[in-house]
Amino acid sequence: MDLMTLRFIENAENIIFCGTPGVGKTNLAVSIGIEAAKHRYCVYFITFQDLISQLKKAASENRLETRIKWFYRYKLLIIDELGYQKMDVDSANLFFNLIAKRYKKLSTVITTNRPFSKWSDIFQEPVLTNALLDRLLHHCSVININGPSYRLKDQMQYMIEEN
Ligand SMILES: Nc1ncnc2c1ncn2[C@@H]1O[C@H](COP(=O)(O)OP(=O)(O)OP(=O)(O)O)[C@@H](O)[C@H]1O
Ligand SMILES: [Mg+2]
C-alpha cells in the first residue's frame with residue numbers, strides 16, 4: 001500500500017521483487033507501473049534480456065551514452081526477469097553503467113527469481129556485482145515473495161474441475 005502512494009518515485013528509490021516463479025512479481029511490478037502512469041509519470045517496462053540487447057546494440061553502434069540518456073526520460077524503469085539467464089562480463093558492465101547513472105536520480109523496479117547471494121553467478125564478476133548491489137539497495141524496498149506458484153494453483157484447480 002505504501003508503494004502505491006508512489007512516494008518512492010519522488011524519492012528516487014528502487015523496488016526489488018524477489019521470489020520463486022509464479023508468485024506474482026511481474027503482476028505487482030506492472031500494477032505499480034500502471035498506477036504511476038495514471039499519475040502521469042513516464043514509465044517504461046522492459047525485460048532484462050531485451051534491455052541488455054538494446055544496450056549491447058547501442059554500444060556496438062557507439063551510441064551507448066545516448067541510449068542510457070534516453071532512459072532518463074522515464075522516472076520509473078521496470079526491469080522484469082533479472083537472473084533467468086547468465087550473462088557475459090561486457091553485458092554486466094553495460095547494466096552497471098545504466099544503474100549507476102540512475103542511482104539517486106530515478107527509480108528502478110526489478111523482478112528477479114535469484115537471491116542477492118547468487119547475483120555474482122549471473123553477472124560473473126563479484127566486484128562488479130557488489131558495486132551494483134550497493135547502488136541498487138542503498139535506497140530500496142526489497143519484497144521477498146515465496147510460496148506456491150499461482151500458475152500451478154490455476155492448473156491444479158483446472159485438473160480438479162476436470163475430474
Ligand atoms: N495476486 C494474484 N492473485 C491471483 N493470480 C495472480 C496474482 N498475482 C499473479 N497472478 C497470476 O499468476 C501468474 C503468475 O504471475 P506473475 O507472472 O506475476 O509471476 P512471476 O512471479 O513474475 O513469475 P516468474 O518468476 O515466472 O516471472 C499470472 O498468470 C498472474 O496473472
Ligand atoms: Mg515474472
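Which residues are around ligand 1? In this predicted model, in which local features need pLDDT of at least 70, side-chain atom pairs count only at pLDDT 80 or more, and totals for chains, interfaces and linings use all residues, side-chain values use heavy atoms, with hydrogens and water left out. Residues are numbered from 1 along each chain as its sequence is written, while chains are lettered from A and ligands numbered from 1 in the order in which they are written.

The shell around ligand 1 consists of Pro21, Gly22, Val23, Gly24, Lys25, Thr26, Asn27, Glu81, Tyr84, Tyr150 and Arg151; a residue is counted as near a molecule or strand if one of its heavy atoms lies within 4 Å of it. By class, the shell comprises 4 nonpolar, 4 polar and 3 charged residues, where Ala, Val, Leu, Ile, Met, Phe, Trp, Tyr, Cys and Pro count as nonpolar, Asp, Glu, Lys and Arg as charged, and the others, Gly among them, as polar. At least two shell residues are supplied by each of α2 (25-38) and α8, and the largest share, 3 residues, comes from α2. Helices (H or I, at least four residues) and strands (E, at least two) are DSSP runs, numbered from the N terminus.

Oxygen atoms of ligand 1 lie 3.2 Å from a backbone N or O atom of valine 23 and 2.7 Å from a polar side-chain atom of threonine 26. For tyrosine 150, a polar side-chain atom is placed 3.3 Å from a nitrogen atom of the ligand. Of the 630 Å² of accessible area that ligand 1 has on its own, the protein covers 66% (Shrake-Rupley method, 1.4 Å probe).

Serine 149 occupies the loop between β5 (140-145) and α8 (150-162). This residue touches Pro21 and Gly22, residues up to four places away in sequence not being counted (contact: heavy atoms within 4.5 Å). With a relative accessible area of 11%, serine 149 is buried (under 20%; exposed is over 50%, partly exposed in between; 1.4 Å probe, protein chains only). A polar atom of its side chain lies 3.0 Å from the backbone nitrogen of arginine 151.

The largest nonpolar core contains 28 residues, and Phe48, Leu51, Leu55, Leu82, Phe95, Trp119 and Phe123 have the most contacts inside it. Such a core is a set of buried Ala, Val, Leu, Ile, Met, Phe, Trp, Tyr and Cys residues joined through side-chain atoms within 4.5 Å. The largest share of this core, 5 residues, comes from α5. Another core, of 15 residues, lies apart from it and includes Ile15, Ala36, Leu76 and Ile145.

Key
A polar contact is a pair of N or O atoms within 3.5 Å; within protein, one must be able to donate a hydrogen and the other to accept it, and residues adjacent in sequence count only if both atoms are side-chain atoms.
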